[in-house]
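User: I am new to this structure and would like a close look at one part, the pockets and what lines them. Please set them in the context of the whole model.

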Amino acid sequence: GMTPAAVHYYFKTRDELFDVLFDERIAPMRKHIEGIFLENAHDPVAAFTTLAQRFVELAAESPWIGPVFFGEMLREDDLFKQHIHKRFSESRQVTVLDTMRRWQAEGLLGEDLDPALIIGSVLSLTVLPMTASRKWRDDPLRSHIGPEQITRHALALLRHGVGPAKA
């Protein structure tokens, strides 16, 4: 809700803006999802179910996160992404990927899945439709879609895929 002039007044540099955005917005969100893989170290279904639910909660609480996150993923320059990577410990990402690889080795996670793509896939199942749902309010085919429907849909895809429900 700020004008460009106000942003320039309060933040003298791009890095200063990135630091405030990270400290006040991104870091608290990260804490909201941080322990999921440790809490569910032996249950990938529970881990991804909880992750999907928390992504929907975060997108509902902070509707700006979807446009910012997906916008940054698609940008040619990656200034914000580079800044975020400086602030995040890469070891956490490696730990999550190692957990997924272990699940695959134990037969708990599909061998055709690429651990490097799974988090982005869960984001796409949750945060992307949460972001789009604001534009669907006047769409007669999608106006009923909100956090509950998005969560239910994402969990059904994660748990059962697109095949018919098994009795």
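Analyst: What follows starts with the overall fold, then takes up the pockets, and ends with the surface and the salt bridges.

This is a predicted model, in which local features need pLDDT of at least 70 and side-chain atom pairs count only at pLDDT 80 or more, while totals for chains, interfaces and linings use all residues. Residues are numbered from 1 along each chain as its sequence is written, and side-chain values use heavy atoms, with hydrogens and water left out.

The protein has 9 helices and 0 strands, where helices (H or I, at least four residues) and strands (E, at least two) are DSSP runs numbered from the N terminus. Its C-alpha atoms fill a box of roughly 60 × 45 × 30 Å along the principal axes. Of the 167 residues, 32% are buried, a word that stands for under 20% relative accessible area, with exposed meaning over 50% and partly exposed in between (1.4 Å probe, protein chains only).

A pocket is here an open set of points on a 1 Å grid over the protein atoms alone, where a 1.4 Å probe fits and protein lies on both sides within 12 Å along at least five of seven lines; lining residues have an atom within 4 Å of a point. Grid points are joined across faces, edges and corners, and a volume is the space filled by probe spheres set on the points.

The largest pocket has a volume of about 1400 Å³. It is lined by 35 residues, and those closest to its centre are Arg-30, Phe-69, Gln-93, Ile-119 and Leu-123. Two or more lining residues come from each of α2 (14-33), α3 (36-39), α4 (44-61), α5 (65-74), α6 (79-87), α7 (90-105) and α8 (115-133). By class, this lining divides into 23 nonpolar, 5 polar and 7 charged residues, where Ala, Val, Leu, Ile, Met, Phe, Trp, Tyr, Cys and Pro count as nonpolar, Asp, Glu, Lys and Arg as charged, and the others, Gly among them, as polar.

The second largest pocket has a volume of about 310 Å³. Of its 15 lining residues, Phe-48, Leu-109, Leu-113, Ile-118 and Leu-158 are the closest to the centre. Here the elements that give two or more residues are α4, α8 and α9 (147-160), and α8 gives the most, with 5 residues. This lining holds 12 nonpolar, 1 polar and 2 charged residues.

Turning to the surface, Met-2, Tyr-9 and Tyr-10 form a nonpolar patch with about 390 Å² of accessible area together; such a patch joins nonpolar side chains (Val, Leu, Ile, Met, Phe, Trp, Tyr) within 5 Å, from residues with over 30% relative accessible area and no salt bridge. Accessible areas come from the Shrake-Rupley method with a 1.4 Å probe. Met-2 lies in the segment before α1 (4-10) and is partly exposed, at 45% relative accessibility.

The structure also holds 4 salt bridges, each a side-chain nitrogen of Lys or Arg within 4 Å of a carboxyl oxygen of Asp or Glu. In one of them, the closest N and O atoms of Arg-101 and Asp-98 are 3.4 Å apart, and because these two residues stand 3 residues apart in helix α7, about one helical turn separates them. Another joins Arg-102 and Glu-106 (3.3 Å, N to O). A further salt bridge pairs Asp-139 with Arg-142, the closest N and O atoms being 2.8 Å apart; Asp-139 counts as buried, at 18% relative accessibility, whereas Arg-142 is partly exposed, at 36%.

Technical notes:
Patch = residues over 30% accessible without salt bridge, like charges linked within 9 Å, V, L, I, M, F, W, Y side chains within 5 Å.
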